[in-house]
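Q: Hi, I'm new to this one and would like a short tour. Could you show it to me and then walk me through some details?

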Amino acid sequence: MSAPTLAIRRVGIDTWRESVVFLHRDCPVVRAAGFQALAKVRVQANGKTIVAVLNVVDDVCIVEPRELGLSEDAFKRMDVEPGHPAIIEHAEPPASIAALHRKIAGERLERDDLHAIVRDIAAARYSKIELAAFVVATNQFELDRDEVRHLTEAMIAVGQRIDWRHEVGAGPVVDKHCIGGIPGNRTSMLVVPIVAAHGMLCPKTSSRAITSPAGTADTMEVLAQVALPLERLKEIARATHGCLAWGGTADLSPADDILISVERPLAIDSPGQMVASILSKKIAAGSTHLVLDIPVGPTAKVRSMPAAQRLKRLFEYVGLRLGLELDVVITDGRQPIGRGIGPVLEARDVMQVLANDPAAPQDLRQKALRLAGRVIEFDPDVRGGDGYRIARDILESGRALESMNAIIDAQGRQETVLCPGALVFDVPAPADGVVIGIDNLRLARIARLSGAPQVPGAGVDLRFKLGDTVRHGEALYRLHAQFDADLDFARRMAQDDSGFRVGTADQLPRGYVGLPGDPA
């Protein structure tokens with residue numbers, strides 16, 4: 001006897017990377033098949049099949065008894081018109097569920113286990129509960145270095161992979177990446193045009209912010225279009241030697257995007273997952289050489305030098321075995337880089353540096369030059385140690401600005417010039433003294449409360465950095481917002497704790513961590 005059909009209804013609920021279906025409690029299928037809320041079901045329509053989580057509703061305004069409601073994610077996956085007949089049945093557990101249970105029990109997983117788990121994740125066969133179990137298990141029972149390698153391989157295998165050999169032949173395809181956690185720090189938007197002006201191919205695909213006030217894609221979108229199809233990205237990179245685009249359109253390492261949707265709410269960023277996430281995206285994007293920035297500081301993702309060294313070795317082990325040449329750089333992560341925190345403010349900082357504006361933030365300029373120099377030294381014709389000088393010459397000559405403008409024009413320059421939010425509030429220093437501490441996490445959260453990145457002009461504009469002398473009542477930073485409610489939320493949080501510590505010069509933290517000073 002065939003299963004009864006129901007008419008598809010688009011419910012219009014964003015369930016964030018999880019397919020969810022809705023049935024009315026009085027639906028005959030619910031009664032006949034014994035479906036319960038949160039059961040996993042299989043839906044078939046027009047030759048397509050998805051696995052989804054079932055929600056049972058009582059309101060006919062959401063779904064009627066003979067309809068099958070689909071969340072936005074499920075509707076996109078089914079790719080059918082509303083009203084199309086569909087069949088719903090109980091779903092079998094994913095084939096890899098036994099491997100997941102072994103990891104929950106603390107066992108080491110083999111290559112085939114991890115490949116099976118990632119295939120099921122990419123095919124949306126795991127519910128958020130099962131995804132959370134995998135994320136927690138791999139955090140509690142830390143993946144060993146070969147498990148991380150196999151996880152990275154598996155994540156690359158289930159998505160698209162870009163091949164740049166037609167563009168560069170045997171030459172390097174270079175990139176620079178930071179593990180994150182430092183507000184501002186928009187060095188990629190400086191490294192790419194500098195390296196592209198040198199003539200090396202640097203096609204950067206970046207993420208949007210999830211829990212931070214801005215991602216590279218959010219900030220670049222202030223200046224140019226970033227949601228570009230893969231073939232267009234190749235054309236741009238061929239013409240300009242670089243791009244700064246959103247990676248979401250390229251379907252690179254899709255399992256990673258799904259895992260991130262669970263990791264971020266749980267505030268879990270284990271070393272193994274971090275390495276697999278970053279390297280799978282970079283290798284899938286076609287990079288052959290990567291400079292990786294690991295900031296260290298009391299409120300950074302990595303809090304100590306020993307932890308940074310362990311993470312560096314893990315990146316190098318996995319990268320080497322997957323054919324990626326890595327230069328891992330440990331940098332100072334005690335405070336934000338640049339002055340702006342939020343898309344418009346960060347874009348302003350970037351363009352000031354490119355224009356050699358005397359008002360440009362010097363910490364952003366120097367860090368970008370050092371990282372760009374390391375990337376340029378991947379050029380076999382560049383002698384080791386010469387990269388910084390070459391990068392500095394490209395920036396000071398105006399060639400980096402020309403390169404950036406070429407990339408912006410090729411991607412599609414924004415017609416509207418965005419400005420910082422018109423609603424402002426200055427956060428005052430509580431006393432005379434010296435800035436002895438800045439909380440990255442606190443400032444990032446305040447910037448998000450002000451509206452960033454959803455409101456591009458919202459955020460925080462810093463006036464002081466570590467070691468600066470301040471007077472009581474001087475503005476430590478300015479909040480920018482577009483809406484009164486956002487400004488009020490951010491203002492109240494900043495007044496409760498500004499994220500700045502003011503004390504005396506002898507209380508400044510010792511042992512500056514970071515790249516060496518400017519080469520002579």
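A: One term to begin with: a residue is buried under 20% relative accessible area, exposed over 50% and partly exposed in between, using a 1.4 Å probe and protein chains only. This is a predicted model, where local features need pLDDT of at least 70, side-chain atom pairs count only at pLDDT 80 or more, and totals for chains, interfaces and linings use all residues. Residues are numbered from 1 along each chain as its sequence is written, and side-chain values use heavy atoms, with hydrogens and water left out.

Q: Okay, is Phe500 buried or exposed?
A: Phe500 is buried, at a relative accessible area of 6%.

Q: And how many aromatic pairs does the structure hold?
A: There is one aromatic pair. Rings of Phe, Tyr and Trp (its six-membered ring) pair if their centres lie within 6.5 Å; planes under 30 degrees apart are stacked, over 60 edge-to-face, and the rest tilted. Here the rings belong to Tyr477 and Phe500, with centres 5.7 Å apart and planes at 35°, so the pair is tilted.

Q: Where do Tyr477 and Phe500 lie?
A: Tyr477 is in strand E17 (residues 475-481) and Phe500 in strand E18 (residues 500-503), so the pair ties together parts 23 residues apart in sequence. Those labels come from DSSP runs, numbered from the N terminus: helices (H or I) have at least four residues and strands (E) at least two. Tyr477 is buried too, at 0% relative accessibility.

Q: Switching to helices: how do H3 and H5 pack?
A: Helix H3 (residues 97-104) and helix H5 (residues 128-140) pack at about 40°, with their axes 9 Å apart. Axes are lines fitted to C-alpha atoms, for helices over the stretch in contact, and angles run from 0 to 180 degrees between N-to-C directions. H3 and H5 are therefore oblique to each other; angles under 35 degrees count as roughly parallel, over 145 as roughly antiparallel, 65 to 115 as roughly perpendicular and the rest as oblique.

Q: Which residues make the contact?
A: H3 brings Ile97, Leu100, Lys103 and Ile104, while H5 brings Glu130, Ala133, Phe134, Ala137 and Thr138. Contact means heavy atoms within 4.5 Å. By class, the contact of H3 with H5 has six nonpolar, one polar and two charged residues. Ala, Val, Leu, Ile, Met, Phe, Trp, Tyr, Cys and Pro count as nonpolar, Asp, Glu, Lys and Arg as charged, and the others, Gly among them, as polar.

Q: What about H15 and H16, what angle do they make?
A: Helix H15 (residues 362-376) and helix H16 (residues 387-396) pack at about 120°, and their axes are 7 Å apart. That makes H15 oblique to H16. Their contact includes Leu369 and Ile376 of H15, and Tyr388 and Leu395 of H16. Its residues divide into eight nonpolar, three polar and four charged.

Q: New topic: where is Thr216?
A: Thr216 sits in helix H9 (residues 216-220). Thr216 is buried, with a relative accessible area of 10%. Beyond neighbours within four places in sequence, Thr216 is in contact with Arg186, Ser188, Met189, Ser206, Ser207 and Leu244.
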